[in-house]
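Trainee: I am new to this structure and would be grateful for a close look at one part of it. Might you then connect that part to a few other residues?

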Amino acid sequence: MANEEIETLISRVAMRDQKAFAALYRQTSPKLYAVCLRILRNKTDAEEVLQEVYVKIWQRAERFLVSEGPAMPWLTTIARNQSIDAIRARKPVADEIDLAYDLADTEPGPEEQAIVKGEGRRIDRCMEELEAGRAQAVRSAYVEGLSYQELAEQYAVPLNTMRTWLRRSLIRLRECLDR
């Protein structure tokens with residue numbers, strides 16, 4: 001359909017000519033539906049928005065001025081803007097953020113961090129009360145994860161001696177921390 005014919009139909013719609021409106025719909029709805037569908041990506045939504053587009057065309061037909069540009073881009077702009085408005089009116093994507101907000105935070109809070117640091121300082125002070133070799137053996141066993149056998153070999157002592165050192169060192173640490 002030529003642009004002049006569409007302009008004529010719009011001017012007749014401005015005068016509330018229902019037959020012209022029906023003809024305009026038949027001639028332009030496939031193109032405007034395609035615009036809505038491309039933006040909304042859902043047939044049902046595109047059909048609903050297309051209906052709203054033609055309501056706006058009916059209401060605003062008297063505002064169309066041939067001197068400001070061709071008719072089809074004017075109609076396409078109405079369809080595009082109505083489709084974008086429909087997207088904006090949908091439920092916000094922030095729901096996903098709200099769900100993520102409700103997830104438990106595994107990181108300790110400021111209070112917990114302060115407690116952990118304070119406990120760490122207390123443990124360090126108590127470790128200083130142990131003999132240097134014994135303190136290092138405790139760190140190697142319980143921080144680095146070395147086995148009793150590896151520690152016994154590293155310190156060149158029998159396995160049962162290493163077990164006794166670690167047991168007595170842990171008892172002294174517990175006593176120090178209980179003070």
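Trainee: With which side chain does the side chain of E7 make a polar contact, and which residues does E7 touch?

Mentor: Please keep in mind that this is a predicted model. E7 belongs to helix α1, which covers residues 3–14. The side chain of E7 makes a polar contact with the side chain of N3, at 2.9 Å. Leaving aside residues up to four places away in sequence, E7 touches F64, V66, G69, P70 and A71. E7 is a buried residue, yet it has no salt bridge. The nearest side chain of opposite charge belongs to R12, and it is 13 Å away. A salt bridge requires a side-chain nitrogen of Lys or Arg within 4 Å of a carboxyl oxygen of Asp or Glu.

S29 counts as buried because its relative accessible area is 11%, and the cut-off for buried is under 20%. The side chain of S29 reaches the backbone oxygen of Y25 at 2.8 Å. With residues up to four places away in sequence again not counted, S29 touches L24, L50 and Y54.

R16 lies in the loop between α1 and α2 (18–40). The phi of R16 is near 65°, a positive value in a residue other than glycine. R16 has a relative accessible area of 39%, and is therefore partly exposed. A156, for its part, lies in the loop between α8 and α9 (159–178). Its phi is near 55°, again a positive value in a residue other than glycine. A156 is exposed because its relative accessible area is 68%, and the cut-off for exposed is over 50%.

Y148 counts as partly exposed because its relative accessibility is 34%. Together with Y142, V143 and L170, Y148 makes a nonpolar surface patch of about 380 Å².

To return to the part you asked about, E7 is buried without a salt bridge, while its side chain has a polar contact with that of N3.

Conventions. Residues are numbered from 1 along each chain as its sequence is written. This is a predicted model: local features need pLDDT of at least 70, side-chain atom pairs count only at pLDDT 80 or more; totals for chains, interfaces and linings use all residues. Side-chain values use heavy atoms; hydrogens and water are left out. Patches are made of residues with over 30% relative accessible area and no salt bridge: like charges are joined within 9 Å, nonpolar side chains (Val, Leu, Ile, Met, Phe, Trp, Tyr) within 5 Å. Accessible areas come from the Shrake-Rupley method with a 1.4 Å probe; for residues, only the protein chains shown count as cover. Buried means under 20% relative accessible area, exposed over 50%, partly exposed in between (1.4 Å probe, protein chains only). Helices (H or I, at least four residues) and strands (E, at least two) are DSSP runs, numbered from the N terminus. Lys and Arg count as positive and Asp and Glu as negative; His and the chain ends are not counted. A polar contact is a pair of N or O atoms within 3.5 Å; within protein, one must be able to donate a hydrogen and the other to accept it, and residues adjacent in sequence count only if both atoms are side-chain atoms. Contact means heavy atoms within 4.5 Å.
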